Amino acid sequence: SKNILQSTLQPFSQDIIRKKMVNMLAGHDLFEGLDVNLQLRLSFVLDIDGLMKEVKITGTDNEEIILFTTLSFYSITEVFQPKLSDGKPVRSPYTMPLTFMATE
């Protein structure tokens with residue numbers, strides 16, 4: 001017989017994603033020593049398969065910060081319950097702010 005891994009999908013929560021992103025980004029050299037606050041905005045889609053896709057990072061022109069933040073986002077491997085409409089999974093767009101405070 002084959003073993004089939006079955007897991008219960010957790011409901012989607014922006015708080016889960018925000019905490020994971022802050023843990024990955026806080027303290028990184030890119031975000032240390034900021035002379036002004038940095039307000040990033042993450043836009044993404046929770047797809048019908050429960051995966052987060054199509055991330056876009058805005059709020060800075062710094063390509064290194066955009067790339068590092070994007071790669072960090074895609075390193076989150078959780079699969080979530082997609083939203084349902086008429087009992088069928090649907091794609092759901094989300095936008096989430098991340099603020100990094102300037103250090104004095």
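Me: The radius of gyration is taken over C-alpha atoms, and the globule rule is 2.2 Å times the number of residues to the power 0.38. What radius of gyration does the protein chain have, beside that of a compact globule of 104 residues?

Reply: The protein chain has 16 Å, whereas a compact globule of 104 residues would have a value near 13 Å. The C-alpha trace spans about 60 × 35 × 20 Å along its principal axes. This is a predicted model, in which local features need pLDDT of at least 70 and side-chain atom pairs count only at pLDDT 80 or more, while totals for chains, interfaces and linings use all residues. Residues are numbered from 1 along each chain as its sequence is written, and side-chain values use heavy atoms, with hydrogens and water left out.

Me: How many helices and strands are there in the protein chain?

Reply: Helices (H or I, at least four residues) and strands (E, at least two) are DSSP runs, numbered from the N terminus. The protein chain has two helices and seven strands. Their order along the sequence is β-α-β-β-α-β-β-β-β.

Me: What share of the 104 residues counts as buried?

Reply: Buried means under 20% relative accessible area, exposed means over 50%, and partly exposed is in between (1.4 Å probe, protein chains only). By that rule, 32% of the 104 residues are buried. Accessible areas come from the Shrake-Rupley method with a 1.4 Å probe, and for residues only the protein chains shown count as cover. The accessible surface of the chain is about 7100 Å², and carbon and sulfur atoms account for 52% of that.

Me: How should I read a helix such as α2, and what does α2 reach from its first C-alpha to its last?

Reply: The expected span of a helix is 1.5 Å times one less than its number of residues. Helix α2 takes in residues 63-74, twelve residues, and reaches 16 Å, close to the 16 Å expected.

Me: Which residues of α2 are buried, and which are exposed on the other side?

Reply: An α-helix has 3.6 residues a turn, so residues three or four places apart point the same way. In α2 the buried residues are Ile65, Ile66, Thr69, Thr70, Ser72 and Phe73. They cover an arc of only 160° around the axis, which puts them on the same side of α2. The arc is that of the directions from the helix axis to the C-beta atoms. Glu63, Glu64, Leu67 and Leu71 are exposed on the other side of α2.

Me: What covers the buried residues of α2?

Reply: Contact means heavy atoms within 4.5 Å. The cover includes α1 (14-25), β2 (38-46) and β3 (52-58). Beyond its neighbours within four places in sequence, Thr70 is in contact with Val55 and Ile57. Ile57 belongs to strand β3 and is buried at 10% relative accessibility. With neighbours within four places set aside, Ile57 is in contact with Leu40, Arg41, Leu42, Ile66, Thr69 and Thr70.

Me: Which residues of α1 are buried?

Reply: They are Ile17, Met21 and Leu25. Seen down the axis of α1, these residues fall within an arc of 50°, so they line one face of the helix. The face turned away from that buried side carries the exposed residues Lys19 and Asn23. Elements covering the buried residues of α1 include β2, β3, α2, β4 (80-81) and β7.

Me: What lies at the start of α1, and which residue caps the N-terminal end of α2?

Reply: A polar contact is a pair of N or O atoms within 3.5 Å; within protein, one must be able to donate a hydrogen and the other to accept it, and residues adjacent in sequence count only if both atoms are side-chain atoms. At the start of α1, a side-chain oxygen of Ser13 comes within 3.2 Å of the backbone nitrogen of Asp15. For α2 the cap is Asn62, with a side-chain oxygen 2.9 Å from the backbone nitrogen of Glu64.

Me: Where does aspartate 86 lie, and what is its phi?

Reply: Asp86 is in the loop between β5 (83-85) and β6 (88-90). Its phi is near 55°, a positive value in a residue other than glycine. Asp86 is exposed, at 79% relative accessibility. Glu54 also has phi near 55°, but the place of Glu54 is in strand β3, where it is partly exposed with a relative accessible area of 41%.
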